[in-house]
Amino acid sequence: MSKNWKFVKEKDQMFERAFGRDHYWHYHPEIIKGAESYMVKVVVPEGDGHNFHVHPKMHEILYILKGRAEQWIEDEMHFLEAGDSVYIDANVGHATFNGGKGELEFLAILSPPEGWEAGTVDVSEELPYSGYRTRK
């Protein structure tokens, strides 16, 4: 019988520094084989962010834990605060910037696992995304 659950304690998270942000993976392909989704806590320093990108074959849910997110989905922007969330379908351009003081922390949940290999594709230099937000 296969085990279909896994506890991950804070000390057991997989840490990754990527794109200037700290990623604390609770569920990642290297942590739990056969998972149907992955979850990572992302910490974004003040004034930083993750520019426009797409996940070609995965959808994503973002849940704000702390701080203020300047969240873009295509050409639409909303400020999200702790307790707010957004669902983003696969292959939809989006960007998340720290829109407040101090660190921004959020959870990102990605699924399905079959889309992992297609990765994250930066589209920030492409039209129309390059014109949506003035670079700071």
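A nonpolar core here is a set of buried Ala, Val, Leu, Ile, Met, Phe, Trp, Tyr and Cys residues joined through side-chain atoms within 4.5 Å, where buried means under 20% relative accessible area, exposed over 50% and partly exposed in between (1.4 Å probe, protein chains only). The model is predicted, with local features needing pLDDT of at least 70 and side-chain atom pairs pLDDT 80 or more, while totals for chains, interfaces and linings use all residues. Residues are numbered from 1 along each chain as its sequence is written, and side-chain values use heavy atoms, with hydrogens and water left out.

The largest nonpolar core has 19 residues, of which Trp25, Leu62, Ile64, Leu104 and Phe106 touch the most other members. Strands S3 (38-44), S5 (59-66), S8 (85-88) and S10 (104-111) each put in at least two residues; strands are DSSP runs (E, at least two residues), numbered from the N terminus. A second, separate core of seven residues includes Val54, Ala95, Phe97 and Tyr129.

Then there is Asn98, in strand S9 (residues 94-98). Asn98 is buried, at 8% relative accessible area. Its side chain reaches the backbone oxygen of Gly102 at 2.8 Å, and one of its side-chain polar atoms lies 3.3 Å from the backbone oxygen of Pro45.

Glu74 is not a glycine, yet has a positive phi of about 55°; Glu74 sits in the loop between strand S6 (68-73) and strand S7 (76-81).

Definitions and conventions. Helix = DSSP H or I, 4+ residues; strand = E, 2+ residues; numbered from the N terminus. Polar contact = N/O pair within 3.5 Å; in protein donor to acceptor, adjacent residues only side chain to side chain.
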